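Here is a short note to read alongside the coordinates. It takes up salt bridges and then the relation between the copies.

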2 protein chains.
Amino acid sequence: MPGMLMAMGGALDMRGPCVLLREFARLAGGADARIVVLATASDLPASARRYAEIFRRLGVRPAATVLSLTRRPEAQRPGPWPAIARATGIFFAGGNQVRLSAMLGGTPVEAALHAAHARGALLGGTSAGASILSATMVAFGQSGPTPRQAMAQFVPGLGFTRRVLFDQHFRQRDRLGRLLLAVANHPGVFGVGLDENTAVVLAGARLRVVGEGAVTIVDGHEMTATNVAEVEAPAPAALANARIHVLTHGCTFDLKRRAASIPIVRTASD
Amino acid sequence: MPGMLMAMGGALDMRGPCVLLREFARLAGGADARIVVLATASDLPASARRYAEIFRRLGVRPAATVLSLTRRPEAQRPGPWPAIARATGIFFAGGNQVRLSAMLGGTPVEAALHAAHARGALLGGTSAGASILSATMVAFGQSGPTPRQAMAQFVPGLGFTRRVLFDQHFRQRDRLGRLLLAVANHPGVFGVGLDENTAVVLAGARLRVVGEGAVTIVDGHEMTATNVAEVEAPAPAALANARIHVLTHGCTFDLKRRAASIPIVRTASD
C-alpha cells in the first residue's frame, strides 16, 4: 500500500513545540524512523541540516540523511540510493518547487522516491516540498481571491497524488484565486490550500489537518458550469457550485465521500 | 492491463484513405469494435456524428455511440454509463481541451473512462482529444521554437498517462517552444509533438508512429541543467542536453529504454 503524504504550508515552527515536524517523525516511525531530508528546492543545505537536528531533538535516534542534490547530474547517478531505499520518511525542504521537478524529474532519484512511496514510506515536505507532491502543481503565480485566466503557471510535479493539488502559504499570500482556477480547469482535482505552520496528512482517501492555521479545501466535483475554457488572460473566470471547506487541527476530510468531519470541542461549561 | 492510447495531431484525413481513423478502428477490434465518440471538446455534435459515419464506412458493424455532453450536469448523472462500460474504443473529438477537463473532471463519466482504460479499452482522440490524455496538458499558449517562461498554460488533463505530454498541430502551429518548456519543468515527462494527420499509438512503454507527418519527441531525462526555476516571463528558458527525435510512419520509440527505432526503407535499386 502506498505510504502517507504529509503536506505542510511553510513557515514551520522550528523552535517551539514543532507540532508538524513532531507529527512527521511520529508517522515515520518515531524513535526508530529512518528519515531522509532532500534539500534540492533551495540553495541552502544549512536549512536541511537544521531539519536533521530537529528530528534528533524530537527523539529520532538514527541520524537523518541529508541529500543536498543541487545539480541535476548528481541525481542522475544510477544508484542504488540506499538512504532512500531504506527510508521510512522522506522530507522535502522548502524553496522553489520547480527546482525540485527540474532537478529530479526523470532521474533515478525520482524513481527511488516513487519506489519508496509505493512500498509504504511517508513522503512529506513544506512549502515547495508540499507543492511537489502533486501530479500537477503551481509553479508560481499571482495573489488574490479571484481566479483569473493564466494568473498561475501549473507544471508537472513529482506526482505522488493525482487527486490533490496542494498550495501553500495559503492565507498569508492570499492564494484562493489560483486554487479556484486550478479546480475550474479540472474539477476532479481537490484544491488544498495550506496555511503556514499547518499541514494535512493524506492516508488513503483520508485527509487530516494538523497545526495552528487552517486548510482550505475546494471541491469542484459538483461544479455545474465554468467559462474557464473560453476567457482570455487576464479576465476573471466564472465557476458555479464549487464547495469550500475550511478545516482546522483535528478535522478530517474523506476524498471518496467528499465529506468533512469537524470534531466537537467541549467548552468548560459543558 | 491498461488499454492502448492513440493520440492524433488534428486535421485528420476524413475523406481519403482515413489512415488514422482506420488504425483506431482496427485497434479497437475492427468489424466488431464498440466505439464511443465523445463530442465534449466542441459545440459541434455534427462533427462527432461524422466520426461515427466514418467508422461505419470503415467496416465497423456496431453503430458508434455519440455522447455529446455539452453541459457539466449531464456528465454528473451517476450512471451507469453502459456505452462507456462496454466500449472497446473511446474517441475524443477535437475542440478545446479545457472544455473536456472542466466538463468531465471529477464526474462519473471521468470515472467510467478510467475504468474502461484500466480494463483494456483503447482511448484516443484528435487535437484537444490528444491533449486531454495526459496528466498535465497544455491548455493554450504561444507559438515559436524558443521556450519562454509562461508562454503556455499547463493544467491537469484526464491523466491516462503521466509519462507523456502530448501536443498537437505541432509543426503547423510551431509549438516546439512550449514542449521544451514543459520538459524543462519536469524532465521525467516525455514531450510528444504530433503533426497534423499524424498519430502515436502508446502500448505499454512502446510508442508507434502512424500517419503522414512527423512526431517530435523531446526526452529530458539526461538534461544536465536548466534555469526554468529562476527566469521570469517572458524571458527565454535555457536547458542543456535534452534529446530530440523526429519520427515518421512506422518508427517506434521505447519509453523505458528511451530508444528510437527507424525501419530501414529499401529503395528500388536494393
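**Notes on salt bridges and symmetry**

1. In this predicted model, the side chains of B:Arg178 and B:Asp167 form a salt bridge at 2.7 Å, N to O (a side-chain nitrogen of Lys or Arg within 4 Å of a carboxyl oxygen of Asp or Glu). B:Arg178 belongs to helix H8 (residues 176–185) of chain B and B:Asp167 to strand S8 (residues 164–167) of chain B, so the pair ties together parts 11 residues apart in sequence (helices, H or I of at least four residues, and strands, E of at least two, are DSSP runs numbered from the N terminus). B:Arg178 is buried at a relative accessible area of 3%, and B:Asp167 is buried at 0% (buried means under 20% relative accessible area, exposed over 50%, partly exposed in between, with a 1.4 Å probe and protein chains only).

2. The side chains of B:Asp254 and B:Arg257 also meet in a salt bridge, at 3.6 Å, N to O; B:Asp254 is partly exposed at 21%, whereas B:Arg257 is exposed at 61%.

3. Chain B can be laid on chain A with an RMSD of 0.0 Å by a turn of 180° and a shift of 0.0 Å along the axis (least squares on C-alpha atoms of residues with pLDDT of at least 70 in both). The two copies are thus related as by a two-fold rotation axis.

4. Residues are numbered from 1 along each chain as its sequence is written, and chains are lettered from A and ligands numbered from 1 in the order written. Local features need pLDDT of at least 70 and side-chain atom pairs 80 or more, while totals for chains, interfaces and linings use all residues, and side-chain values use heavy atoms, leaving out hydrogens and water.
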